[in-house]
Amino acid sequence: MKLLSQLKVGQEGVVAEIPGNDSVSVRLLEMGITPGATVKLLGSAPLGDPLEIEIRGYHLSLRRQEAMLVHLAD
Amino acid sequence: MSVDAPAKPLSIALVGNPNTGKSTLFSALCGVRQKTGNYPGVTVEKKHGQLTASGRKITLIDLPGTYSLAPRSPDEMVAVDVLLGRQRNETTPDGVLVIVDASNLERNLYIVSQIAELGLRTIVVLNMVDVATERGITIDAAALEQRLGIPVVATQANRKEGFDRLRSLLADFDQVPPATIPSPFSDLFQEKVDSLHTVLKKRQPELPKFLAERLLLDTSGYLADELHAHGQEVQPGIEKARTELASVGTPVPAVEAIARYGWVQKTLDGVVTRDTTPRQSVTDRIDRVLTHRFLGPLVFALVMFAMFQSIFSERVAMALVGWIEFAFEWLSELAGSFMSEGPLLSLIQNGIIGGVGSVLVFLPQICILFLFIAVLEDCGYMARAAYLMDRLFSRFGLSGRSFIPLLSSFACAIPGIMAARVIENRRDRLITILIAPLMSCSARLPVYILLVAAFVPDRTYLGFIRSGTLTMLAMYALGMIAALLVALVLRKTILRGETPPFVLELPTYKWPDISTVLGRVFDRAMAFVYRAGTLIFAVTVIVWAVSYFPRDEEAVQQPFAAEIAQLQSERESIEAAETPTPEEEAQLEEIDARLSAIDNQIAGTHLRNSFLGQGGQWIEPVVRPLGWDWRIGAGVLASFPAREVVVGTLGVIYNLGEDAESDSLREQLQNATWEGTDRKVFTLPVALSVMVFFALCAQCMATLAVIKRETNSWWWPLFTFTYMTVLAYVAAFITYQVGTLILG
C-alpha cells in the first residue's frame, strides 16, 4: 500500500481511500481527495514540509503527517 | 409582484468557498452600506449589506467563507443555523446566493450540492470566469443552469461584469425556483436519514431533515451534543445505520464526499471543457519563485522587510504621525486659550487629548500595515507565507495559519486577535490569541524610541548597522521568541494536544481588487478609532483622575509663592522699560526659564501626592530589584490601560511639561537622580530593563477586553495578564541584574 506522503515530486497517484473518520480525514475528503481522484505532488516547502499537491485542478498544501492519511492505489 | 403595493424587503444569504471573490462581490453589490457585528457566543462576524435592485430593497447576509456545510464547532454551526432560520437575532433568509470559482468548479460545486438540499431559492454566481479562460477552461453556463435547474450567472465581480443579469434576478427573486436537485446519496442512505429524522422529530418537531442527515454523517460528536441526540432512542439507531452503510461499501463519513463529488462529476460532464495541451499557468510560474527552496524564503524576508520599512519610514508614516501630533498639540493649545487653568482644562489637555491623542497618533502606521496585509491577502500571497512558515511554527505546536494573526499584531494586537478567527482548530486559535499580545505592537514604539535615543550609546557596526536599530530589533525578536516559547509551554501544559493540522488551499494569484483592499483597511482603521474613542477614552479619564487628585493647590504652591511673586515683579519692571537692552532680554529669558522650572516642580509634587504617586511609592520595594525608582513604578502603574501612556506619565513625573518626545524629556531622563542623591536613575541596564518589561507586559486594557470577547470567558484575559506580567517582571529583573554585572 502506498501513501500520498510517499509520492515523489512531479509524480501522480490515484486515491484509493481515506480510512480515518477524524476531522482531518473528513476535511481532506471535503477538499476533494476522494477515491478515484488523481493527485500530483508539486513540491514541498523549503524545510521539506508541508507538501503542495494538485487535486481536482487546484493547489492544496498539507503536512506529510496529513498526507499519510491518504492511501493510494498501487 | 403586484404593482401597487411595494414588495416586501428581501433578505438573502451569501455563501461560498474562501478565495472565490465573495467579499469583492459583497462590496460590489452593497458598497459602503454594510453593518458588522457579532453573533452571540461565537467568534463569527455578522455582516449585513443593503442593496436596491429595481426599487426592491434587499439585505445581503454575508456568511463566513467555507468549503462545506458540515458543522463540527459552534462557529461552523452559525452558517447552517442562519440558512435554516434557526439563528437567534437573525432574519430567516428568503434565499441563497452561492458564489463559485469558475477556475475551480469541481471543488466549489461540493457546497452547492449541500445547499441545494435545503430547498431554498438559490442563485449560483459563477465568478472569475476570466481566470478560468486564462487557464484554458471553458464553461457552458447555460448548460450548467439547465442541469442544476437554478439560475447560473457568470460574473467578474472585480469588474462588475455580469451584474445586470444578477440584479434583475435579485429584483425578481420570487421567480427564482427553489433548488430541487435529486439527492446524491444512495436509496439506502436516504432511507436511514428518513428513519432517523422520524425518530428525532418526535422530540423536536421543528428539526429540519438536513440536520438529521448531518447527524448521521457527523463523526466528531459535535452535532449529537448540539441536537441533544444522545440516549437510547437515537444513538444505537445511528450506530446500526452506519454499520449497515459500511457493509455495502459506503462508510460514514467518506460516503458524503464520494456521493457529492460523484454528483459534481456527472453535473459537469460536457459542461466544462479543458484545453488538453498542458500549459503552465501564471500561478505556477509565480509559485516556481515564491515557494522555491531558496528564493521563497528570500522573497518572504524581503516582503516583511519592505513592510516594516514602510511602517517606520520617515517620509510617509512618520510624517503623517507628525501631522497628527501637531493637530493634537494645536487642539490642546486651542483649549488652553479658551479656558482657564483648572481641573477641567487639565482633564481635556492631559486626560483626553493626551490619552486618546497618544493612541490615535499610530493610525497612519496601522493603516499602512493593514494595507500591506490586505494586498497580500487579496492577491493570494498570504497562503504562501503560511505555507513557508508552517514548518517553523509546527515545532512550537502551532500551524502556519497563526502567521497572519501574529503578523497583524505587530501593528496592534486587537486586529491580530480578531484575525485568529481564520484558525479552525479551537485550541490552536486560543494559543494564537494568548501569544499575540507578545508581538511588539506599535504602541511599544514610543517607549523604545525614547529610551533608545536617551540611553543606548550611538555606535555603528560594519559601517551601517547602528546600535539603536540593533536594540530595537532585539526587542522585536524578544517578543517573537517569547511568543513561540509560550506557545510551546501552553501546548505541553494547560492546552495539551496534538500539533494542529495544516490543510490550506493555495489559491490562484490575482491582482488585488482596490475597493476590497481599501474597504478592509477602512474597516480595521475604524475599529481602531472606535476603540480609541470609547475604551481608551474612558480609561485615560480615570488615569488622569488618579494622577490629578487629591490636589491641594495652596499647600503645594506655598513654598514657591514668594519666589514666584518676586520673579514676576522683576519681570514686570523689566517689561515696563520701553526698549529692553540685550542684557535685559537675556534676564527675561532667565526669569521665564526659572518660572517654568518652578511650574514643573509644582506639577511633580502634585503627582507625588496624587493617588497614583502614592501607589508608585507603595510599590517601590517591588520594582527596586528591576533597578527602578518609584517614579518609573508609578509610570508603569499608570500605563496599565495602555502602554504608550507611560511616555506621557514619565514626562509629568520627572517634572516635565507635556512635550514628552522632545529632547528635553530625553535630557531630563538622562539627568534624573535618585531622590536625595546625585546617583543617576537611568543607567543602560535600567533603560534596557524598562524596555524589556514593556516588550513583554500586558499593559493594554483594550487587548484584554478583546480576548474576553473572543474567548467568551474572563479566565483567559486574566490568565494573559498574569502570565505576561510575570514574564515581563522576571525578564526585566534578569536584564537589570545581568546588565549591571556586565556593565558595572
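Which residue of S3(A) does Val14(A) stand opposite? Select Val14(A) and look across to Thr38(A) in S3(A), for that is the residue opposite.

**Before you start**

This is a predicted model, in which local features need pLDDT of at least 70, side-chain atom pairs count only at pLDDT 80 or more, and totals for chains, interfaces and linings use all residues. Residues are numbered from 1 along each chain as its sequence is written, while chains are lettered from A and ligands numbered from 1 in the order in which they are written. Helices (H or I, at least four residues) and strands (E, at least two) are DSSP runs, numbered from the N terminus.

**Stop 1: the sheet that spans both chains**

Colour the strands in this order: S1(A)-S6(A)-S2(A)-S3(A)-S4(A)-S5(A)-S12(B). You are looking at an open sheet of seven strands with antiparallel pairing; two strands pair if DSSP finds at least two bridges between them. At the edges stand S1 (2-3) of chain A and S12 of chain B, and because each has a single partner strand, one side of each is left without a neighbour in the sheet. As you follow any regular strand, remember that side chains alternate between the two faces of the sheet.

Now walk through the pairs:

- S2 (residues 12-17) of chain A and S3 (residues 38-44) of chain A run antiparallel, joined by three bridges.
- Pick Lys40(A) and you will find its bridge partner in S4(A), Glu54(A).
- S4(A) and S5(A) run antiparallel over five bridges. Here Glu52(A) is opposite Ser61(A) in S5(A).

Two turns deserve a click. The hairpin of S3(A) and S4(A) has six residues between the strands, and Gly48(A) in the turn has a positive phi of about 90°. In the hairpin of S4(A) and S5(A), with two residues between the strands, Arg56(A) has a positive phi near 45°.

Stay with S4 (residues 51-55) of chain A for a moment. Is this strand largely enclosed or left open by the rest of the structure? It is largely enclosed, because four of its five residues are buried. A residue is buried if 20 or more other C-beta atoms lie within 10 Å of its own, exposed if 12 or fewer, and partly exposed in between, with C-beta atoms placed from the backbone.

**Stop 2: where chain A touches chain B**

Move on to S5(A) and S12 (residues 503-506) of chain B, which run antiparallel and are joined by four bridges. Leu62(A) has Val503(B) as its bridge partner in S12(B).

Next, select the whole contact: 30 residues of chain A meet 29 residues of chain B, where contact means that the C-beta atoms, placed from the backbone, lie within 7 Å. On the chain A side, the elements that give two or more residues are helix H1 (23-30) and strand S5 (58-62). H1(A) supplies the largest share, seven residues. That side divides into 14 nonpolar, eight polar and eight charged residues; Ala, Val, Leu, Ile, Met, Phe, Trp, Tyr, Cys and Pro count as nonpolar, Asp, Glu, Lys and Arg as charged, and the others, Gly among them, as polar.

**Stop 3: chain B as a whole**

Zoom out to chain B, with its 33 helices and twelve strands. Its C-alpha atoms fill a box of roughly 105 × 65 × 60 Å, taken along the principal axes. Of its 744 residues, 43% count as buried. Among contacts between residues at least 6 apart in sequence, 71% join residues at least 24 apart.

**Stop 4**

Select H22 (residues 467-492) and H31 (residues 684-696) of chain B. Their axes come within 9 Å and cross at roughly 45°. The contact divides into seven nonpolar, one polar and no charged residues. Axes here are lines fitted to C-alpha atoms, for helices over the stretch in contact, and angles run from 0 to 180 degrees between N-to-C directions.

Then show H3 (residues 105-116) and H11 (residues 254-268) of chain B, whose axes come within 9 Å and cross at roughly 115°. The residues in contact include Leu109(B) and Tyr110(B) of H3(B), along with Trp263(B) and Thr267(B) of H11(B). Seven nonpolar, two polar and two charged residues make up this contact.

**Last stop: Arg203(B)**

Finish in H7 (residues 187-203) of chain B, where Arg203(B) has its place. Arg203(B) is partly exposed, with 13 other C-beta atoms within 10 Å. From its C-alpha atom to that of Thr267(B), 64 residues apart along the chain, the separation is 37 Å.

Technical notes
Two residues are in contact if their C-beta atoms, placed from the backbone, lie within 7 Å.
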